[in-house]
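Subject: Handover of a structure, with notes

Dear colleague,

I am passing on the structure below and would be grateful if you could read it alongside the notes that follow.

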2 protein chains.
Amino acid sequence: MSPEEIAVLDANSAFYRAFVRRDLGAMDQLWAVGSPVACIHPGWDVLRGRDAVMASWKSLIEGETPAISCGSASAHVAGDVAWVVCRERIQGGPVLAATNVFVRESGAWRLCLHQAGLVAQQSDEPPPGAQA
Amino acid sequence: MSPEEIAVLDANSAFYRAFVRRDLGAMDQLWAVGSPVACIHPGWDVLRGRDAVMASWKSLIEGETPAISCGSASAHVAGDVAWVVCRERIQGGPVLAATNVFVRESGAWRLCLHQAGLVAQQSDEPPPGAQA
């Protein structure tokens, strides 16, 4: 794994950590400011723009949403853009599959796009946590 | 909209057209060959690698999957990577929200990542087809 891919996976981990810790400030800092952002939560329609996306995270972080863990994450870097696919497991709940797209801003990887969706059909992939 | 964004939206349209026309050859040509690819169909786990992704499209194209249309698509280009968020409507069925990530290969935009998920909560966004 390249140092760039490791840095992207670190940013990806920081994203889930911000959610688990219900740290809205950290979540805000993780999202891009110089690039259009969008977010598709499980079962939600497309949210476009930083205001709508951050309002959704505020409602989720302040709400009853349970903790989530990320596993089986793989990253690919192409210039100043990177994308991660991974699995998410909601504590005591279902598995989800997710896409996270990052852009490099002032040397830091920031999210510009997140989509997560429920996995209805389980595969034989290792469970989240088996791989970082 | 920039010429590059238009080209990306054209590639995005070609992707849905290949699916509607059940044209596996066109679908194959639309996916990247020089970049890792991944795909998350609605309710499915993460599929990684070209073989797994193309096998899934073969099974969907040869199966009973109904026609799908794409709407409300917006594109953003950053270097040789671009991403589209859009809504999909399955004929006579539900609305989905989707992410499509493209890489530029030999001057053509090719898919490296697709995720689609069911929208359980309808928003007041215009329906697919209202915007190209």
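Which strands of chain A does H1(A) lie across, and at about what angle does it run to E3(A)? H1(A) lies across E3, E4, E5 and E6 of chain A and runs at about 150° to E3(A), where axes are lines fitted to C-alpha atoms, for helices over the stretch in contact, and angles run from 0 to 180 degrees between N-to-C directions. Helices (H or I, at least four residues) and strands (E, at least two) are DSSP runs, numbered from the N terminus.

Before going further, please note that this is a predicted model, in which local features need pLDDT of at least 70 and side-chain atom pairs count only at pLDDT 80 or more, while totals for chains, interfaces and linings use all residues. Residues are numbered from 1 along each chain as its sequence is written, and chains are lettered from A and ligands numbered from 1 in the order in which they are written.

The helix and the sheet of chain A

Just after H1(A), A:Arg22 has a positive phi of about 50°.

The 6 strands of chain A form an open sheet with mixed pairing, in the order E2-E1-E6-E5-E4-E3, where two strands pair if DSSP finds at least two bridges between them. Strand E2 (47–48) and E3 of chain A are the edge strands, each pairing on one side only. E1(A) and E6(A) run parallel and are joined by 3 bridges, and A:Ile40 stands opposite A:Gln115 in E6(A).

A:Cys86, in strand E4 of chain A, counts as buried because it has 24 C-beta neighbours inside 10 Å. Leaving aside residues up to four places away in sequence, A:Cys86 touches A:Asn12, A:Cys70, A:Gly71, A:Ser72, A:Ala73 and A:Ala98. A:Ser72 belongs to strand E3 of chain A and has a positive phi of about 50° although it is not a glycine; with 21 other C-beta atoms within 10 Å, A:Ser72 is buried. In chain B, phi of B:Ser72 is likewise positive, near 50°. For background, most residues other than glycine have a negative phi.

The hairpins of chain B

Strand E3 (residues 68–78) of chain B pairs with E4(B) in the antiparallel sense over 9 bridges, and B:Gly71 has B:Arg87 as its bridge partner in E4(B). This hairpin has 2 residues between its strands, and B:Gly79 in the turn has a positive phi of about 70°. E4(B), residues 81–90, pairs in turn with E5(B), antiparallel over 9 bridges, in a hairpin with 4 residues between the strands, where B:Gly92 has a positive phi of about 70°. E5(B) and strand E6 (residues 108–118) of chain B are also antiparallel, over 10 bridges, and B:Ser106 takes a positive phi near 50° in their hairpin. Strand E5 of chain B is mostly covered, with 9 of its 11 residues buried.

How the two chains meet

Chain A is superposed on chain B by a rotation of 180° with 0.0 Å of shift along its axis (RMSD 0.0 Å), the superposition being by least squares on the C-alpha atoms of residues with pLDDT of at least 70 in both. That is the relation of a two-fold axis, and the C-alpha of chain A nearest the axis is that of A:Gly117, 2.8 Å from it.

In the interface, 33 residues of chain A are in contact with 33 residues of chain B, contact meaning that the C-beta atoms, placed from the backbone, lie within 7 Å. Elements giving two or more residues to this side of chain A include strand E1 (38–40) and strand E6 (108–118). As 100% of the interface residues of chain A are also interface residues in chain B, the copies meet through the same surface.

With best wishes

Methods: Contact = placed C-beta atoms within 7 Å. Buried ≥ 20, exposed ≤ 12 C-beta atoms within 10 Å, placed from the backbone.
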